[in-house]
Amino acid sequence: MSGFQPQNKMGRKGKAVRALLLATTVFALSRPTLLCAQETELRGEVSDSPNLDDQQYKIRQTSMAGTQAAQAAATPNDNTPLPTYRPTSQGALPDDGTGEAAATGGTFDPPAASGDPFPDNPAPPPRRRPSATRAANAANAEAETTDSHTSKRTATAATTKDTDTAAIDEQDTANRPAVTIDSAERLRLDPGAERTEAIEGQNKKNEDDPFAATGIKLGSFVIRPTLEQGLTSSTNADSSSLGKPALLSETTLRFNAVSDWQENSATVEGYGIFRETLSGYDIHEAQGHVDGTLNIDLDNDLRAIAKLGYEAVPESASAPDAVVGAVGQPVRQTVNGSLAVEKDAGKMRFALTGAVEHDIFGDAKLSSGGSLSQKGRDSTLYTAILRTGYEISPAITPFTEIEIGRRAYDLRVDPNGFQRSSTRLGARAGVELDLREKLTGEFSVGWLREAIDDDALPAISGATVNADLKWSPERGTTIGLTAQTTAENTTNAGESGSMLYSGSLTGERQIRANLTGNAALGLEWRDYTGSDDHDLTLSAEAGLTWWLNRYTGLTTRARTEKLTSNLVGRDYTANSIFVGVKLQR
């Protein structure tokens with residue numbers, strides 16, 4: 001080693017002993033230093049390949065084996081300097097003539113010639129080399145300015161070191177990723193990899209109607225029941241020309257059930273209304289209605305729609321067939337069912353519907369305490385309707401309908417001696433609209449005729465108007481228009497019946513999230529067949545519902561109704577107001 005110079009007075013034997021001691025010391029000190037150099041490698045570049053560590057380890061072992069072989073081949077009996085320590089780790093600082101190590105000699109080089117061969121001041125700790133290329137360039141530049149002896153030693157060490165390091169760097173370049181732990185460039189993270197906040201802190205989507213009923217899960221159906229309980233104050237409790245005021249307890253139960261099937265669907269709806277007198281005119285009424293609809297998709301673009309319903313309603317005191325002087329009008333029960341098959345062929349739409357409706361009338365309770373049978377009014381109506389439409393656009397589909405039917409009375413001849421059964425014919429033309437949430441429904445006009453079997457009675461006939469439209473001019477507002485034409489039969493002596501035209505215009509507005517307002521206008525026109533007699537009924541209603549929470553609300557509504565007729569004893573006016581509590585689930 002260049003820093004060791006033997007004294008002239010010592011013989012060949014002394015020099016050999018001194019060289020052997022120095023070689024032993026260098027070898028002993030180099031062992032732990034290699035372990036430290038291995039630890040500093042953890043601060044180098046990060047590799048994705050699990051085989052990279054094994055490859056680097058093999059290269060280092062090959063380099064160490066060559067170094068130890070060169071040390072063993074050196075002859076300690078001559079003046080050949082021992083090989084300089086060459087670090088195998090990229091993080092260790094070699095004696096390559098750069099930095100402070102070059103100024104003071106190698107870290108493990110013998111001290112410079114002085115009176116004390118082992119000086120007390122140790123060499124400064126090696127600094128971590130930034131990269132192999134920069135270190136090699138710095139070593140070459142520094143080697144040109146140092147003395148010739150140091151230049152030869154440094155160049156030899158740098159050449160050997162750079163050969164090993166180049167092999168490692170070449171292997172690293174093929175396997176390592178571009179990003180390192182010490183990289184100064186901060187790449188953007190994938191937004192999908194960013195940490196998200198806790199579920200409790202995430203922004204929830206606002207509900208369209210935060211006070212809408214959530215429903216009850218029952219099997220494959222979601223049921224939404226509603227219960228309304230309150231008091232009704234009316235100036236005409238039974239809506240008749242002889243009606244009197246009363247304070248009534250009114251209970252209304254409604255429910256809606258919708259299936260959650262994947263392909264087909266089913267819905268069930270119903271209501272029940274119970275009215276009991278608390279004071280005033282004696283009223284005891286109960287009415288209810290329930291119907292279900294089943295939609296099934298068949299093969300070949302066929303759809304089947306089945307409906308079944310039941311209704312029980314007491315006869316109105318203002319009805320044409322109402323029993324005069326009865327304290328309790330008969331209850332009319334209606335059972336109906338239908339089956340429709342629909343087919344789409346290109347832009348053509350076809351539908352065939354068959355329906356059955358059976359009316360059953362109960363007995364009327366007389367003021368004398370007896371009852372009057374109404375079995376002569378029981379009848380069954382069978383109808384078949386063929387509908388054909390053409391889709392001009394997905395929003396507009398004009399259609400035509402042809403209807404044929406037969407009304408059959410249970411009694412072939414009624415108590416007055418008339419044959420009331422009839423044959424029904426009808427035709428309609430209209431348009432079906434589907435402008436999504438803005439406007440949906442249909443509207444049609446036509447003609448309907450029922451020819452009674454008894455020649456003494458004229459046929460019930462007239463123009464028909466039918467509509468069922470929903471319009472939403474803005475979010476939270478819904479306006480509805482309904483119209484219906486009904487051929488009413490009667491068992492009054494010498495009368496055939498009448499044509500009833502009824503319609504209503506309704507509006508609902510969500511004033512606030514917890515405040516809903518509604519209003520309705522109604523009109524009915526009854527044209528009696530075979531005479532100029534007629535009835536006109538006008539009605540108006542307005543109400544508010546204030547929801548205290550999702551399940552409980554306060555509701556009120558006011559209603560007025562007026563009937564005018566050219567028949568004696570039929571006019572009446574009824575005003576009422578309701579206040580109550582509404583519960584839903």
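Guide: Buried means under 20% relative accessible area, exposed over 50%, and partly exposed in between, with a 1.4 Å probe and protein chains only. Phe221 has a relative accessible area of 21%, so Phe221 is partly exposed. Trp261, at 36% relative accessibility, is also partly exposed. This is a predicted model, in which local features need pLDDT of at least 70, side-chain atom pairs count only at pLDDT 80 or more, and totals for chains, interfaces and linings use all residues. Residues are numbered from 1 along each chain as its sequence is written, and side-chain values use heavy atoms, with hydrogens and water left out.

Visitor: How many aromatic pairs does the structure hold?

Guide: A pair of aromatic rings is described by the distance of the centres and the angle of the planes. Rings of Phe, Tyr and Trp (its six-membered ring) pair if their centres lie within 6.5 Å; planes under 30 degrees apart count as stacked, over 60 as edge-to-face and the rest as tilted. The structure holds one such pair. Phe221 and Trp261 form it, edge-to-face, at 5.7 Å centre to centre with 75 degrees between the planes. Phe221 lies in strand 2 (residues 221-234) and Trp261 in the loop between strand 3 (246-259) and strand 4 (265-280), so the pair ties together parts 40 residues apart in sequence.

Visitor: Which charged residue sits over the ring of Phe399?

Guide: A charge sits over a ring if NZ of Lys or CZ of Arg is within 6 Å of the ring centre and within 35 degrees of the ring normal. The charged end of Arg387 is 3.6 Å from the centre of the Phe399 ring. Arg557 lies over the face of Phe578, 4.2 Å from the ring centre.

Visitor: How many bridges join strand 14 to strand 15?

Guide: Helices (H or I, at least four residues) and strands (E, at least two) are DSSP runs, numbered from the N terminus. Two strands pair if DSSP finds at least two bridges between them. Strand 14 (residues 422-434) and strand 15 (residues 439-452) run antiparallel, joined by 13 bridges. Arg428 stands opposite Gly446 in strand 15. The two strands form a hairpin with four residues between them, and Arg436 in the turn has a positive phi of about 55 degrees.

Visitor: What does strand 15 pair with over twelve bridges?

Guide: Strand 16 (residues 460-471) is that partner, in the antiparallel sense. There, Asp468 is the bridge partner of Glu442.
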